[in-house]
Amino acid sequence: MNIGLMIAKERTKRNMSKRKLAKLIGCTERAVEYWESGERNISLKYLDNILKVFNMTMKIGYESDLII
């Protein structure tokens, strides 16, 4: 799933405004708009803050079923 779509989905699921999320993570409302629309990439710092606000974790990488 696209990270921006995940942010938008989780934010709306919690009835949270872009402004409130921005305030909680220490950025601007416009930055949240950029990330959700995919216009800009999110830094790991802000992604970490968002995941903490949403009480979520994210696994980065790929696990293979291949055994060598």
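**Ground rules.** I number residues from 1 along each chain as its sequence is written, and I use heavy atoms for side-chain values, leaving out hydrogens and water. Because the model is predicted, local features need pLDDT of at least 70 and side-chain atom pairs count only at pLDDT 80 or more, while totals for chains, interfaces and linings use all residues.

Entry 1: Buried means under 20% relative accessible area, exposed over 50%, and partly exposed in between (1.4 Å probe, protein chains only). The core has 15 residues, and Ile 7, Leu 21, Cys 27, Trp 35 and Ile 50 have the most contacts inside it. The elements giving two or more residues to this core are α1 (3–13), α2 (18–25), α3 (29–37) and α4 (44–53). Helices here are DSSP runs (H or I, at least four residues), numbered from the N terminus.

I then checked Ile 50. Leaving aside residues up to four places away in sequence, Ile 50 touches Ile 7, Leu 21, Ile 25, Trp 35 and Ile 42. Contact means heavy atoms within 4.5 Å.

**Entry 2: α2 against α3.** I found these helices packed at an angle of about 110 degrees, with their axes 8 Å apart. That makes α2 roughly perpendicular to α3, a label for angles of 65 to 115 degrees. The axes are lines fitted to C-alpha atoms over the stretch in contact, and angles run from 0 to 180 degrees between N-to-C directions. On the α2 side the contact is made by Lys 18, Arg 19, Leu 21, Ala 22 and Ile 25; on the α3 side, by Glu 29, Val 32, Glu 33, Trp 35 and Glu 36.

**Entry 3: salt bridges.** I searched the whole structure and found 6 salt bridges, each a side-chain nitrogen of Lys or Arg within 4 Å of a carboxyl oxygen of Asp or Glu.

Arg 19 pairs with Glu 29, the closest N and O atoms being 3.3 Å apart. This pair links helix α2 to helix α3, 10 residues apart. Arg 19 is exposed at 60% relative accessible area, whereas Glu 29 is partly exposed at 30%.

Glu 33 and Arg 30 also form a salt bridge (2.6 Å, N to O). They lie 3 residues apart in helix α3, so about one helical turn separates them.

Key: Core = buried A, V, L, I, M, F, W, Y, C linked by side-chain atoms within 4.5 Å. Parallel < 35°, antiparallel > 145°, perpendicular 65-115°, else oblique.
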